[in-house]
Amino acid sequence: MRLPIKRIILSQDVNIFYDTGTFDLDNGFFVQYSGSIDVEITKHIAINILSVKTSTPIQPLNDHRKTEIVGGAGVTFTF
């Protein structure tokens, strides 16, 4: 059985944000990237094949925060 594919959606987003720092963490600027590939099967169901989110400081910090990468996948049902 083959799943019907209505469309394939590629989403990307890049942001720069400022973190004010709390509890012994430095303040500073970060760049954040989010990207995903979704396959729409019906008007109400989409399968997220791959989702990636990364955040990295764009200036030196004196705390433990470094580049972080998170990945995932899932199913979305909308109504």
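How many bridges join strand 1 to strand 2?

1. The model under review is predicted. In it, strand 1 and strand 2 run antiparallel and are joined by 13 bridges. One example is Gln12, whose bridge partner in strand 2 is Gly35. Strands of a sheet pair through backbone hydrogen bonds, in either a parallel or an antiparallel manner.

2. The sheet as a whole is open and has four strands in the order 1-2-3-4, with antiparallel pairing. Strand 1 and strand 4 (68-77) each have a single partner strand and stand at the edges, so one side of each has no neighbour in the sheet. On average, neighbouring strands of this sheet are turned by 15° against each other, direction ignored.

3. Nine bridges pair it with strand 3 in the antiparallel sense, and Val52 has Gly71 of strand 4 as its bridge partner. The number of buried residues among the 10 of strand 4 is zero, so this strand lies largely in the open.

4. Ser36 is found in strand 2 and counts as buried because its relative accessibility is 14%, under the 20% limit. Beyond its neighbours within four places in sequence, Ser36 is in contact with Ile9, Leu10, Ser11, Asn48, Leu50 and Ser51. Ile37 also has its place in strand 2 (residues 28-40), but Ile37 counts as partly exposed, at 32% relative accessibility.

5. Ile37 belongs to a nonpolar patch on the surface, formed with Ile5, Ile8, Leu10, Ile49 and Leu50; together these residues have about 590 Å² of accessible area. Strand 1 (7-19) and strand 3 (45-57) are the elements that give two or more residues to the patch.

6. The whole structure contains three salt bridges. In one of them, Glu40 is paired with Arg7, and the closest N and O atoms are 3.3 Å apart. This pair links distant parts of the chain, since Glu40 lies in strand 2 and Arg7 in strand 1, 33 residues apart. Glu40 is buried, at 15% relative accessible area, whereas Arg7 is partly exposed, at 48%.

7. Asp19 is in strand 1 and Arg65 in the loop between strand 3 and strand 4, so the pair ties together parts 46 residues apart in sequence. Asp63 also forms a salt bridge with Arg65, with the closest N and O atoms 2.9 Å apart. Arg65 is buried, at 12% relative accessible area, and Asp63 is buried at 11%.

Technical notes:
Residues numbered from 1 in each chain as written. Predicted model: local features only at pLDDT ≥ 70, side-chain atom pairs only at ≥ 80, totals over all residues. Heavy atoms only, no water. Patch = residues over 30% accessible without salt bridge, like charges linked within 9 Å, V, L, I, M, F, W, Y side chains within 5 Å. Areas by Shrake-Rupley, 256 points an atom, 1.4 Å probe, with all protein chains shown as cover. Salt bridge = Lys/Arg side-chain N within 4 Å of Asp/Glu carboxyl O. Buried < 20%, exposed > 50% of the residue type's maximum accessible area, 1.4 Å probe, protein only. Contact = heavy atoms within 4.5 Å. Pairing = 2+ DSSP bridges. Axes fitted to C-alpha atoms, helices over the stretch in contact; angles between N-to-C directions.
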